[in-house]
Amino acid sequence: MTIKLIQNRKNWVWPYVAILCFFVILPLVLIGIYAFTNQQGEFTIQNFVQFFQKSEAVNTFIYSVTIAVITTLICIVLGYPAAYFMAMQSFRTPAVMSMLFILPMWINFLLRTLATVELFHMFNLPLGEGALLFGMCYDFLPFMIYPIYNTLQKIDVSLLEASQDLGANRWETFIKVIVPLSLPGVYSGIIMVFMPTVSTFAISELLTQNKITLFGSLIQRSFGEGGITMWNYGAALSLIMLIIIGLTSFFGNDDNEDINRQA
Amino acid sequence: MITKISIDRRNIWGRVVSQGYLWLLLVVLYAPILLIIIFSFTKSKVLGNWTGFTLGLYENLFTGYDLSDQVRVDPNLYRALIYTMVIAFSAALVATLLGTIAAVGIFNLKQRYRKGVMFLNSIPMINPDIITGISLFLLFVFLGISRGLVTVIIAHVIFCTPYVVLSVMPRLTKMNPNIYEAALDLGATPVKAFNKVLIPELWPGMISGFILSLTLSIDDFGVTFFTKGSNGLETLSTFIYSDARKGGLTPELRPLFSLIFLTILVLLIISNLRTSKQIKK
């Protein structure tokens, strides 16, 4: 009986599915339950009311989303040319280049962030919004370059030649052929940069020396220093973040497989 | 002739601009790392304050004792290093086994179910680490499990396994499905067929999944932060975080990460040389 079960290889998936349900789905459901209950376990929407009544919390939320959007835009502006130049290079160098762009990620990101803070100190730059944006772009730029580079690299050269044969100049070829074909990579890049920046909590503290609070830090505090009394509120905030994440991943839904392939 | 020259000139300019841009980005990207490496050769408490060249910090790191100041190097640093390694290797090992078995299962599912399971598989990858951390934190509290080494390893397995599944899947699509059946027909038990047929075929995917898991686990901060509990368990990430919040990083972190960086650099160069040699052949 058991041997029959094991022999059917599709059954090999069930332990993993069970684990995912228990350690991924159930915990997410728990966030929902905590968000809609009070400390006594009674149903309430008080946690959300509390969030919308506190202008400070709402402002933090809007500010975090804005910062994440700006970071993502800067990463596109800086990352697209980098990916393009890498993809257009001769055959051997891209491997070295792409390696050079991943290598920094092997140094612990908190330590890198702290070193960035030191750089700002050395040049006597203030630690504020500028430092925050710089640090975030610095941490997540490789996540934008990679997916774009991957899609650019896969573009069939004959398409570019065809475009030139049909009379397009280089600029037209770029705008009408290369950019549209690379959009899936840009979408994955947007997701891979936006999601971690909107939810970050440690980086902002270190980069601004607690001057700027982001939504992630707000959530973290409700589970850390606030003690058990803040958990329900924190769960409500987490649920709001989950909604943002869900919306973003729907935005790039067609390209989920693309992300998967790259990872 | 004229057109050719103009094209060439344009190419040179194009190359200068593109190369220049890439190198400029790299310089910015590497500046903080260089700063860490440079200041690992001086003994100041703070990064950015040069007090003369010395290998003192490296000595401290290896002996665990600062001779000139007569103080011990924070023992928590070594504990954090060991915990980081223990967690990373056990999580990566479990994730690789679980992910490989799951990938074989997913591959043999009908299209419809496969999509469903792949969606489930993508949730831990899409979830930000703060959400993964908090949701698992609530689960462990709900179940009354006290947090510590085991809960951190479980959490790391959860966010690493999806990547293993994704690195093993392409190997399965390339593999001839009949080989495994043949092994069974020839009398191998499923376990034996798994060891002798599937594992060797899937090995490269498993290795890259394992390495990816190691990287993710070592670099993780958010999930560890919420699942480690308050019994003094620290990984390098959480150690650095609490260190930075106390004000002032342990100086020995500089040589430690310089060494880690150099090791990775050497490993990457070696693997790069090997693959380029293979291409030449």
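In chain A, 74% of the contacts with a separation of 6 or more join residues 24 or more positions apart. Two residues are in contact if their C-beta atoms, placed from the backbone, lie within 7 Å. The model is predicted: local features need pLDDT of at least 70, side-chain atom pairs count only at pLDDT 80 or more, and totals for chains, interfaces and linings use all residues. Residues are numbered from 1 along each chain as its sequence is written, while chains are lettered from A and ligands numbered from 1 in the order in which they are written.

Chain A has 13 helices and zero strands. Helices (H or I, at least four residues) and strands (E, at least two) are DSSP runs, numbered from the N terminus. Of the 263 residues of chain A, 43% count as buried. A residue is buried if 20 or more other C-beta atoms lie within 10 Å of its own, exposed if 12 or fewer, and partly exposed in between; these C-beta atoms are placed from the backbone.

**Helix α2 of chain A**

Helix α2 of chain A covers residues 14-35, 22 residues in total. The helix reaches 30 Å from its first C-alpha to its last, close to the 32 Å expected at 1.5 Å a residue. That expected span is 1.5 Å times one less than the number of residues. A kink of about 35° is centred on A:C21. The bend at a residue is the angle between axes fitted to the seven residues ending there and the seven starting there. Buried residues of α2(A) include A:Y16, A:L20, A:F23 and A:V24. The buried residues of this helix pack against α3 (46-53) and α12 (231-251) of chain A. They also pack against α3 (75-107), α4 (111-126), α5 (129-143) and α6 (149-174) of chain B.

**A loop residue**

A:N124 is found in the loop between α6 (109-122) and α7 (129-154) of chain A. Its phi is near 55°, a positive value in a residue other than glycine. Most residues other than glycine have a negative phi. A:N124 counts as exposed because it has 6 C-beta neighbours inside 10 Å.

**Domains and chains**

Domain bounds come from an automatic or database domain assignment.

| Chain | Domain 1 | Domain 2 |
|---|---|---|
| Chain A | 1-36 | 55-262 |
| Chain B | 30-73 + 252-281 | 75-249 |

In chain A, four residues of domain 1 are in contact with six residues of domain 2. In chain B, eight residues of domain 1 are in contact with six residues of domain 2. The centres of the two domains of chain B, taken over C-alpha atoms, are 29 Å apart.

Between the chains, 60 residues of chain B are in contact with 61 residues of chain A. On the chain B side, α1(B) gives the most, with 12 residues. The residues of that side divide into 51 nonpolar, eight polar and one charged. Ala, Val, Leu, Ile, Met, Phe, Trp, Tyr, Cys and Pro count as nonpolar, Asp, Glu, Lys and Arg as charged, and the others, Gly among them, as polar.

**The core**

The largest nonpolar core has 134 residues. Such a core is a set of buried Ala, Val, Leu, Ile, Met, Phe, Trp, Tyr and Cys residues joined through C-beta atoms within 7 Å. A:L110 and B:I240 are among the members that touch the most others. Leaving aside neighbours within four places in sequence, A:L110 is in contact with A:A202, A:L206, B:F221, B:S237, B:I240 and B:Y241.
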